[in-house]
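I opened this notebook to record what I looked up in the structure. The entries follow the order in which I consulted it.

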Amino acid sequence: SNWQAGGVNSIAGNTVFGAFANYQSDAKWIWNNRVLLAYGLNYQDTIFNKTDDRIELETRLDYLKSKKWNYSAFLNFRTQFMPGYANPGETGDDLRVSDFMAPGYLLTGLGATYKPNKRFTAFLSPATSKATFVTVESLSNVGAFGVDTGQTARVEVGGYLNIAYTRKVLKGVDMQARIDMFSNYIEDPTLIDINSELIFNFTVNKNIKANLSLAYIYDHDVKLDLDDNAATPAVPRSQFRQVLSVG
């Protein structure tokens, strides 16, 4: 208030919830479940901006074939909580570019899991179905996220690879790395969708912890127009997200 150097009031917050629920029976069956919920918001002057928005659910059922290999069936679901806008807060701009279940992604498949130790896991599914949902009419009418114009869903068939790696880097520093790759057999197998994340957890002391998250996404069906030139067609672009939190 009355600050000579200028500026506006602002406040920001970020919440991340991650949980695992894993079960192993005596009959060589293993059931692994994971949930990740994240939402971040920045309020500046009179404008709200999202800084993070994720819903991720995953479940995988394994049958132990050997010490390192399992037969597996999996399901992975991703979407977001709230609408996203191209230029939030600008006067007269209410262009919604995403929302809950717009897009929503559902992957299901059968394959094998290779787990030589507790730190490394690789899951390969040569028979995978990827369903993309766009339930918002204004987005489905323009064929957003790869669905046909006017359609609310699109189904692809292809191969899927998931690699996860965790380790203790230093004392008080833990690392989690994860990458998902999907290739469509029918259209162009060389165009590979990538969804990856690298997380570092820092333990300062028993009361203070920090978290650094780096994410990279590439989806050939998600086309972005960033230069505000109507004559320039939207094209697939690499997507990056970085979140640093201390709490």
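**Entry 1: Asn195**

I began with Asn195, which lies in strand E11 (residues 192-203); strands (E, at least two residues) and helices (H or I, at least four) are DSSP runs numbered from the N terminus. I noted that the model is predicted, that local features need pLDDT of at least 70 and side-chain atom pairs pLDDT 80 or more, while totals for chains, interfaces and linings use all residues. Residues are numbered from 1 along each chain as its sequence is written, and side-chain values use heavy atoms, with hydrogens and water left out.

Is Asn195 buried or exposed? I found it buried, because its relative accessibility is 15%; buried means under 20% relative accessible area, exposed over 50% and partly exposed in between, with a 1.4 Å probe and protein chains only. Setting aside residues up to four places away in sequence, I listed Arg78, Arg178, Ile179, Asp180, Tyr216 and Ile217 as touching Asn195 (contact means heavy atoms within 4.5 Å).

**Entry 2: aromatic pairs**

I then turned to the rings and found ten aromatic pairs in the structure. Rings of Phe, Tyr and Trp (its six-membered ring) pair if their centres lie within 6.5 Å; planes under 30 degrees apart count as stacked, over 60 as edge-to-face and the rest as tilted. I examined Trp69 and Tyr114: their ring centres are 5.0 Å apart and their planes stand at 40°, so the pair is tilted. Trp69 belongs to strand E4 (residues 69-79) and Tyr114 to strand E7 (residues 104-114), so the pair ties together parts 45 residues apart in sequence. Trp69 is partly exposed at 43% relative accessible area, and Tyr114 is partly exposed at 25%. I also recorded that ring pairs link Trp69, Tyr114 and Phe120 into a cluster.

**Entry 3: the nonpolar core**

Which residues touch the most other members of the largest nonpolar core? Of its 14 residues, they are Leu107, Val134, Leu139, Phe145 and Tyr160. Such a core is a set of buried Ala, Val, Leu, Ile, Met, Phe, Trp, Tyr and Cys residues joined through side-chain atoms within 4.5 Å. Beyond its neighbours within four places in sequence, Leu107 contacts Phe74, Leu75, Asn76, Thr128, Ser129, Lys130, Tyr160 and Phe182.

**Entry 4: the chain**

Buried residues account for 32% of the 247 residues.
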